[in-house]
Amino acid sequence: MSDFDSPRVTRLLPDAVHQAVRPGTAVVRLETTHDRQGVLDGAWWPRSHDIAAELPGLITALTEHLGPITRVGLDAGAWEELPTRMTVDGRVVHIDPSPVGDDTVLITRGGQDLFSLLVVPPHATPDAARAAMTEAVRVGSLRQAEQILIDTGAGRAD
């Protein structure tokens, strides 16, 4: 897998988002959430809505920083042909259709640690994606994913 094929993951804080951002980038703040309301733990900017092409790279990158990923919750309507599970790097990852909305992906590490990531639409401009990703990892931000995409213009198709 080339560097372009795997998502780049920035570990902490929004300052790192100001580096070059391109589709396929994930930004993660390493704090768990115990509910699915409010604060996001990071952001992901997939290149397309093809989950079979996009998710393995994200899971590989997150596993490197968070440990083994066991489940992923996605809005079934937002992705092409959502499978029930995938094998990534020799590990089975369960895919749960979830009514989280097309702007969010839920990541489970182990049995209980939950991470909620903003999903920046593939069509977003780099500036809008960067702004959305920065807000998603801003400490203390209580803005929901949908509102972040609206406020930054990342949710609009040009």
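Tutor: Helices (H or I, at least four residues) and strands (E, at least two) are DSSP runs, numbered from the N terminus. The model is a predicted one, in which local features need pLDDT of at least 70, side-chain atom pairs count only at pLDDT 80 or more, and totals for chains, interfaces and linings use all residues. Residues are numbered from 1 along each chain as its sequence is written, and side-chain values use heavy atoms, with hydrogens and water left out.

Student: How many helices and strands does the protein have?

Tutor: Read along the sequence, the elements follow the pattern β-β-β-α-β-β-β-β-β-α-α. The secondary structure therefore comes to 3 helices and 8 strands under the DSSP runs defined above.

Student: What percentage of the residues is buried?

Tutor: Buried means under 20% relative accessible area, exposed over 50%, and partly exposed in between (1.4 Å probe, protein chains only). The protein has 158 residues, and the buried part of them is 48%.

Student: Which residue caps the N-terminal end of H1?

Tutor: Helix H1 covers residues 51-66, and its buried residues include Ile-51, Leu-55, Ile-59 and Leu-62. After H1 comes Gly-67, which has a positive phi, near 100 degrees. At the N-terminal end, a side-chain oxygen lies 3.2 Å from the backbone nitrogen of Ala-52, and the capping residue that supplies this oxygen is Asp-50.

Student: What is the bridge partner of Val-72 in S7?

Tutor: Two strands pair if DSSP finds at least two bridges between them. S4 and S7 pair in the antiparallel sense over 4 bridges, whereas S4 and S6 run parallel and are joined by 4 bridges. Contact means heavy atoms within 4.5 Å, and, leaving aside residues up to four places away in sequence, Val-72 touches Leu-55, Ile-59, Val-93 and Val-105, among others. In S7, the bridge partner of Val-72 is Ile-107.

Student: Why is the pair of Trp-44 and Trp-79 classed as stacked?

Tutor: Rings of Phe, Tyr and Trp (its six-membered ring) pair if their centres lie within 6.5 Å; planes under 30 degrees apart count as stacked, over 60 as edge-to-face and the rest as tilted. The structure holds 1 aromatic pair. The ring centres of Trp-44 and Trp-79 are 5.6 Å apart and the planes lie at 15 degrees, so the pair is stacked.

Student: Where in the chain does Trp-79 lie?

Tutor: Trp-44 is buried at 1% relative accessibility, and Trp-79 is also buried, with a relative accessible area of 8%. The pair links distant parts of the chain, 35 residues apart: Trp-44 is in strand S3 (residues 42-45), and Trp-79 is in the loop between S4 and S5.

Student: Is Pro-126 buried, partly exposed or exposed?

Tutor: Pro-126 lies in helix H2 (residues 126-136). The C-alpha atoms of Pro-126 and Trp-45 are separated by 9.8 Å, although the two residues are 81 apart along the chain. Because its relative accessibility is 41%, Pro-126 counts as partly exposed.

Conventions: Polar contact = N/O pair within 3.5 Å; in protein donor to acceptor, adjacent residues only side chain to side chain.
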